[in-house]
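Hi,

Here is the structure I said I would pass on.

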Amino acid sequence: MGYLEGFAVTFKKLFEDRVTAPYPEQKAPKPLRLHGRHVLNRYEDGMEKCIGCELCAGVCPAKCIYVRGADNPPDDPVSPGERWGFIYEINYLRCIHCDLCVEACPTEAITESKLFEFSFTNRQDAIYTRDELLVGDDGKPQQLPWEDWREGEDLFSSAWMRATASAGNAEYEGVVAWSGELGYGVRAPEQGQRVAPDVSPGDEASAEER
Amino acid sequence: MDPLLTGDLTAGDVGIVLLKVVVVFVFLLVAVMLMIWFERKLVSDMQNRIGPDLAGPWGILQSLADGVKFFFKEDLKPLRADLGVFRLAPYLSIIPAFLAFCIVPIGGNFQGDDNGVVTILGHDTFLQVADPPIGILFFLALSSVAVYGVMLAGWSSGSKYPLLGSVRATAQMVSYEAALGLSVATVVLLTGTLSTHGIVDAQADSFRDWNILAAGFIPFAIFLMAGTAELNRPPFDLVEAEQEIVGGFHTEYSSIRFALFFLAEFMNVITMSAIIVTLFLGGPAGPQLFGPDLLWGPVWFFAKVFCFLFVFVWFRATLPRFRYDQLMDLGWKALIPLALGWLLLLAVIQVFRDRGWGAPEIAVPIGVAFVVMLGGYALLLRAIGTARTERAASDGVEVFD
């Protein structure tokens with residue numbers, strides 16, 4: 001009676017709990033490192049981290065990032081480096097949220113927030129510009145009117161990239177070695193990460209020698 | 001014969017007929033809407049999902065929302081379509097779907113001397129739109145016409161997947177119609193009438209007279225299976241097998257033309273359930289519990305129909321799709337011979353009964369015939385086996401199977 005067993009299985013399902021969440025009303029918790037809409041981060045003093053190096057644009061497989069770098073004005077620099085990204089655009093009709101730009105960035109300027117619920121009604125609006133991507137003065141991502149931000153989603157939008165072996169050196173696996181940022185300072189390590197206060201950029205060369 | 005149509009035809013009679021037509025039309029449309037919602041909801045329940053739940057309470061208005069959407073979608077016409085036929089095909093599907101329900105008696109008390117007659121606004125009539133003398137043949141004819149809708153839709157689309165779908169549909173529907181017709185024939189044989197009203201009347205006295213028992217369950221089971229195949233529903237939905245041929249015959253249809261196919265498909269599910277109930281489960285027969293007699297006929301009828309709607313959805317949620325050769329094997333090698341054999345058996349019993357023979361007298365010739373048949377079958381198998389081994393020996397090839 002193999003066939004009838006199948007009917008019993010489907011009939012029993014009628015009285016079981018549903019696994020589907022009623023999405024718009026009830027949302028499943030998002031993973032900590034979900035790849036969502038990008039943010040451009042700033043240092044604690046308000047300087048932008050982006051130095052206009054265009055590595056993100058170079059590595060982007062979807063060719064959705066457009067960056068132009070320019071020399072910093074000497075009297076009013078935008079970033080602590082020599083240059084700054086004066087144009088920074090991401091086309092979200094092309095972006096596949098692979099996070100390669102985040103991995104390529106040498107200064108942790110671009111990271112991804114957990115926001116994926118945003119919409120637009122024409123193609124021009126799909127292109128986020130520098131003004132929209134930059135974090136606000138409190139260090140949190142801007143909450144734009146067409147985006148659906150939920151409680152707590154703007155908290156962990158950065159400062160975890162270099163926790164995984166910067167420069168590919170296994171010595172630094174799990175070691176916190178990131179720069180401070182606006183609104184947070186140097187972020188506390190996450191679960192499974194070590195704090196190494198003595199690690200500084202100068203030490204990296206000696207670590208490689210060892 | 002419907003008492004409404006005997007004697008002179010008055011304006012009131014025409015009004016009653018029009019009223020019945022409108023009621024059935026509206027009922028079918030609303031029922032289809034609810035059926036689509038019910039199917040989606042029940043299938044999702046059986047798969048631990050929630051299903052549509054946003055439009056209206058429990059999502060009950062979902063089909064209405066989908067229907068409105070269909071009206072506003074672009075009506076695409078493929079470049080290589082044969083436009084005349086392309087436009088005609090959905091109507092060849094939907095019109096038989098509407099017409100087939102007309103012959104189903106949905107109410108009336110058949111138990112006493114009323115003969116199922118009810119009085120509406122002072123006119124005696126049956127609770128069915130029409131009671132043609134050809135009765136159940138009308139249903140078979142319309143389900144054959146519906147094949148044309150599917151076939152022409154696939155052919156006129158000028159595209160390969162619809163063509164494949166319609167070829168499958170035609171082969172499937174034609175093969176299963178034979179089994180369907182043979183199991184209908186057993187019912188006609190038992191009740192001695194083609195009229196659906198007569199068939200219901202013959203089953204009215206007690207549930208032992210229902211054809212599901214009187215005909216010995218086999219014709220009912222065959223009708224249910226062949227009916228599912230006729231409806232192109234899972235597990236017989238090779239016609240629209242999404243994984244293989246996109247949408248089958250309606251791949252190239254969009255907008256309201258697609259909606260017509262969709263409507264026809266679900267309307268056929270309701271009609272098929274109603275026909276099963278009429279043929280095998282006594283139609284509106286059932287105990288009159290309290291209140292007016294007029295009430296209980298439709299209540300029992302729709303309760304029975306609902307059970308079959310549930311069963312059809314249950315089939316869909318449980319059984320995986322047949323392979324094409326399995327489908328043809330089931331139809332031609334199992335259902336048709338079984339239906340034919342059962343029809344012969346019942347016919348023989350009927351002849352003996354008409355001559356006034358008792359049960360043991362009937363059992364003897366049937367038993368003898370059965371033994372002879374088994375013997376013949378054994379001899380046939382033996383002959384085939386011998387021929388096969390001899391041929392293999394002469395060819396020097398190993399025997400498979």
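**What I found**

Let me start with helix H1 of chain B, where the buried residues are Lys20(B), Val24(B), Leu28(B), Ala31(B), Val32(B), Met35(B), Ile36(B), Trp37(B), Glu39(B), Lys41(B), Leu42(B) and Met46(B). Bear in mind that this is a predicted model. H1(B) runs over 36 residues, and its first and last C-alpha atoms are 51 Å apart, close to the 52 Å expected at 1.5 Å a residue. After the helix comes Asn48(B), with a positive phi near 60 degrees.

Just past H5(B), Gly192(B) has a positive phi of about 75 degrees. Buried positions in H11(B) are Gly297(B), Trp300(B), Phe301(B), Lys304(B), Val305(B), Phe308(B), Leu309(B), Phe312(B), Val313(B), Ala317(B) and Thr318(B).

Now for where the chains meet. How many residues of chain B are in contact with chain A? There are 11, and they touch 10 residues of chain A. On the chain B side, helix H1 (11-46) and helix H11 (293-318) each supply at least two residues. H11(B) gives the most, with 3 residues. By type, the chain B side divides into 5 nonpolar, 3 polar and 3 charged residues.

Chain B also has a hairpin worth a look. Strands S1 (117-120) and S2 (123-126) of chain B pair in the antiparallel sense over 4 bridges, and Ile120(B) stands opposite His123(B) in S2(B). The hairpin has 2 residues between the strands, and Leu121(B) takes a positive phi there, near 50 degrees.

As for domains, the assignment for chain B gives domain 1 as 76-356 and domain 2 as 359-401. Taken over C-alpha atoms, the centres of these two domains of chain B are separated by 36 Å.

On to chain A, which holds 5 helices and 7 strands. Along the sequence they follow the pattern α-β-α-β-β-α-β-β-α-β-β-α. One open sheet in chain A has 3 strands in the order S2-S3-S5, with antiparallel pairing. Its edge strands are S2 (65-71) and S5 (127-128) of chain A, each pairing on one side only. S3(A), residues 83-91, is joined to S5(A) by 2 bridges, and these strands run antiparallel. Asn91(A) stands opposite Ile127(A) in S5(A).

Of the 210 residues of chain A, 24% count as buried. Among its contacts between residues at least 6 apart in sequence, 66% join residues at least 24 apart.

Last, the confidence values for chain A. Its mean pLDDT is 80, and 79% of its residues reach 70 or more. Which part of chain A stays under 50? That is residues 199-210, for which the model has 7 contacts beyond four places in sequence.

Cheers

How values were computed
Residues numbered from 1 in each chain as written. Chains lettered and ligands numbered in written order. Predicted model: local features only at pLDDT ≥ 70, side-chain atom pairs only at ≥ 80, totals over all residues. Contact = placed C-beta atoms within 7 Å. Nonpolar A, V, L, I, M, F, W, Y, C, P; charged D, E, K, R; others polar. Pairing = 2+ DSSP bridges. pLDDT = per-residue confidence, 0-100. Domains from an automatic or database assignment. Expected span 1.5 Å × (residues − 1). Buried ≥ 20, exposed ≤ 12 C-beta atoms within 10 Å, placed from the backbone.
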